[in-house]
Amino acid sequence: MNNKFWIVFLHTYVTKLKSKSFFISTIITAFIVFGISQLDRIIEAFSDGGEKTIGVIDETNGWYESLQAQLQSNKEIKLVRHNKSEEQAKKLVQTEQWYAYIVLHIQHGKPKVTYYAKNIADSDVTHEIEQALQHVKIAMMAKQIGLTYDQINALYAPIAMEKVALEEHAKTEEQLNQARAIVYVLLFAMYMFVLMYGSMIMMEVATEKSSRIMEILISSISPIQQLFGKILGIALLSLTQFVIIFSVGYASMKNSDMLRQLLGMNELPLSLMIYGIVFFLLGYLLYAMLFAVLGSIVSRVEEVQQMAGPVTMLVVAAFIMAMFGLNAPESSFITAMSFVPFFAPMIMFLRIGMLHVPTWEIAFSIVLLVGTIAFLFVFGSKIYRGGVLMYNQASSWKDLKRAWQLTKK
Amino acid sequence: MGLVLQHVTKQFGSFTAVDDVTLSISEQGMFGFLGANGAGKTTTFRMILGLLEPTKGEITWKGERITYKHSHLIGYLPEERGLYPKLKVKEQLIYLGRLRGLHKEEIVKEMRYWLERFKIPQYENQKVEQLSKGNQQKIQFIAAVLHHPQLLILDEPFSGLDPVNVEMLKEAVIDLQRKGTTIVFSSHRMEHVEQLCEHICIMHKGKPIVHGSIKELKRSFGKKNVIIHGELPFETLTDIPGVLKVEKMVEGVRLQVADESVSQRILAHIYAKGFIRTFSLEEPSLNDIFIEKVGATYEQ
């Protein structure tokens with residue numbers, strides 16, 4: 001009997017693995033991951049690299065020189081003093097000889113600046129200029145009041161604050177940043193994979209049903225074995241894709257300083273990875289069951305999206321909570337949600353990544369999750385058994401009940 | 001004993017789909033289920049296969065209840081035709097055959113034999129969606145018989161096929177029966193059932209109205225048909241006692257009579273009244289029995 005489970009399992013895995021859609025989606029995702037890991041280089045490669053000339057019409061006394069001095073180290077911006085009319089400056093910008101021009105003047109004793117450019121979408125340049133002007137202003141004002149340079153420095157010196165966690169296992173600041181990045185990446189992967197492969201299962205079931213092959217299948221193998229073979233076959237497929245994409249990401253990140261620093265790849269905590277895989281698989285199983293059961297009561301493939309809606313919303317809700325939880329992992333809301341089976345795979349994993357969670361809490365959450373999966377499996381497979389024999393014009397949630405009745409005596 | 005159904009009833013909520021069916025189908029026999037849509041044929045088949053649990057009663061094959069342990073002994077062609085549209089014929093049959101407990105080599109051997117027999121060997125490596133409906137049906141039939149089942153259940157095997165393919169499939173079915181397969185099938189075409197089966201069961205609204213051997217049924221039915229072709233005043237025939245029904249045909253009439261002896265009275269009545277080209281006394285058709293028992297015209 002177990003033999004048949006393996007036949008379905010391998011058939012599902014191999015057929016999907018050979019399919020064009022798997023090939024294409026893997027290539028595209030791997031490419032995107034590679035792209036993101038190389039983002040800094042790509043941006044560098046695309047930037048024009050040349051200096052941006054900015055004209056300055058100075059109606060104050062001495063601001064231009066100070067601003068010039070401030071921006072000397074900036075290689076992107078080159079300032080040019082403009083003594084002619086503003087009309088001419090406008091023309092220079094419009095003919096693209098200048099990138100932009102600014103007008104500096106004093107209004108009621110305070111400096112006022114206007115920035116003119118063809119468009120003001122590039123916030124980098126304005127930001128730089130604004131910062132430089134701020135420094136100039138402080139220096140000017142300080143001079144007026146009569147502060148010395150040292151006094152100014154003393155005024156603006158940042159406070160050195162070091163955060164020290166007293167709890168024994170609490171994570172250090174640096175560890176937290178690393179953990180946040182890793183958790184974020186894994187949460188996102190979980191979200192993507194659960195949605196992608198969950199709906200793949202639902203499509204698969206609905207297609208088998210609508211192509212009416214289901215009745216042949218379940219006359220030779222019990223629907224429960226068939227369902228499990230399919231869910232695990234696709235789970236293996238998702239892991240295959242995950243490993244491929246992860247390897248591509250890891251390999252390309254080795255050469256990227258930005259992401260390596262961000263993720264602290266040098267010392268990836270192994271336990272976190274293991275928890276990640278455990279919660280990923282459990283979350284996948286939970287949602288795969290839900291999707292499969294819904295797929296079984298759909299009569300036509302076109303109805304899949306409509307029926308999938310509520311379950312998809314659950315996944316999205318879990319993800320949104322997780323995003324909130326990344327910044328407030330200790331909040332009681334997040335703690336409570338980490339025990340709700342539909343959210344636990346993401347939220348409990350997040351807490352494990354960000355905090356020191358007592359083992360019993362983790363165990364309790366996993367037990368609840370496994371219990372729910374087992375419960376869904378028993379009830380879901382009954383509905384599945386009935387659902388695959390049912391053909392209606394339009395599917396609705398009422399069909400769940402009808403499918404349930406069909407398997408009764 | 002082959003397939004035995006004892007007081008089998010299936011209810012869906014308050015609706016009774018199959019109502020107290022008791023039948024026994026002998027091994028190596030060919031048994032036909034007749035009935036309009038919704039008569040309960042498919043539900044009965046699904047219960048035989050174990051896809052549905054009977055509300056009451058029991059179904060056994062050679063004394064044992066049918067479970068998935070027996071699936072390599074049973075072949076099934078469902079009413080709702082379907083295959084994986086994107087899979088090639090060969091891949092498809094290998095998958096379905098392996099689920100019935102066969103090895104790949106045996107499947108390929110069997111598949112080639114059947115494809116050859118159905119004159120479609122060129123489709124071995126084509127995707128199912130590229131095949132015509134009739135050819136898809138042949139593939140599905142192959143999937144049902146690949147593993148040499150002892151019990152073969154065919155739900156409307158001939159529907160949607162052209163006459164040439166119907167003949168081809170009929171021959172295959174007869175062949176399988178000769179080789180010892182027990183075959184249960186349903187059809188909405190009376191002539192198919194009449195040609196193939198020794199035993200039948202007519203279902204109506206979940207109830208088995210009649211069942212037994214066709215010969216027996218026809219004999220006990222009593223009524224016969226008289227066919228007359230010729231130029232005669234047919235209008236007066238209704239007055240003869242024992243004539244139950246007169247049906248006008250192109251060349252003459254078809255009469256239903258209460259028993260054989262009435263035919264002789266008819267013959268005497270029409271004698272020398274005109275030119276008689278044909279006069280024959282015939283057994284009732286299954287259709288006559290069906291109409292009589294179900295009380296309605298059968299939906300063709």
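Predicted model: local features only at pLDDT ≥ 70, side-chain atom pairs only at ≥ 80, totals over all residues.
Domain bounds, as I use them in these notes, come from an automatic or database domain assignment.

**Entry 1: ground rules.** Residues are numbered from 1 along each chain as its sequence is written, and chains are lettered from A and ligands numbered from 1 in the order in which they are written.

**Entry 2: chain B.** I looked up the domain assignment of chain B and found domain 1 (3–218) and domain 2 (223–283). The C-alpha centres of these two domains of chain B are 41 Å apart. An unreviewed UniProt entry annotates residues 3–230 of chain B as "domain: ABC transporter"; UniProt annotations may be inferred rather than shown by experiment, and positions are in the numbering used here, with feature names shortened. That span of chain B is 34% helix and 30% strand, with 49 Å between its end C-alpha atoms.

**Entry 3: chain A, overall.** I counted 17 helices and four strands in chain A. Helices (H or I, at least four residues) and strands (E, at least two) are DSSP runs, numbered from the N terminus. Of the 409 residues of chain A, 34% count as buried, that is, with 20 or more other C-beta atoms, placed from the backbone, within 10 Å of their own.

**Entry 4: confidence in chain A.** Mean pLDDT is 78 for chain A, and 86% of its residues reach 70 or more. Helix 11 (residues 257–263) of chain A has the lowest confidence, a mean of 57, and helix 1 (residues 2–18) of chain A the highest, at 84.

**Entry 5: annotated segments.** For chain A, an unreviewed UniProt entry lists "transmembrane region" at several places, including residues 21–39 and 332–350. I checked both. Residues 21–39 of chain A are 95% helix and 0% strand, with end C-alpha atoms 26 Å apart. Residues 332–350 of chain A are 68% helix and 0% strand, with end C-alpha atoms 14 Å apart.

**Entry 6: where the chains touch.** How many residues does the contact take from chain A and from chain B? It takes 19 from chain A and 23 from chain B, a contact being two C-beta atoms, placed from the backbone, within 7 Å. On the chain A side, helix 1, helix 9 (214–220) and helix 17 (398–407) each supply at least two residues. Helix 9 of chain A gives the largest share, six residues.

How values were computed
Buried ≥ 20, exposed ≤ 12 C-beta atoms within 10 Å, placed from the backbone. pLDDT = per-residue confidence, 0-100.
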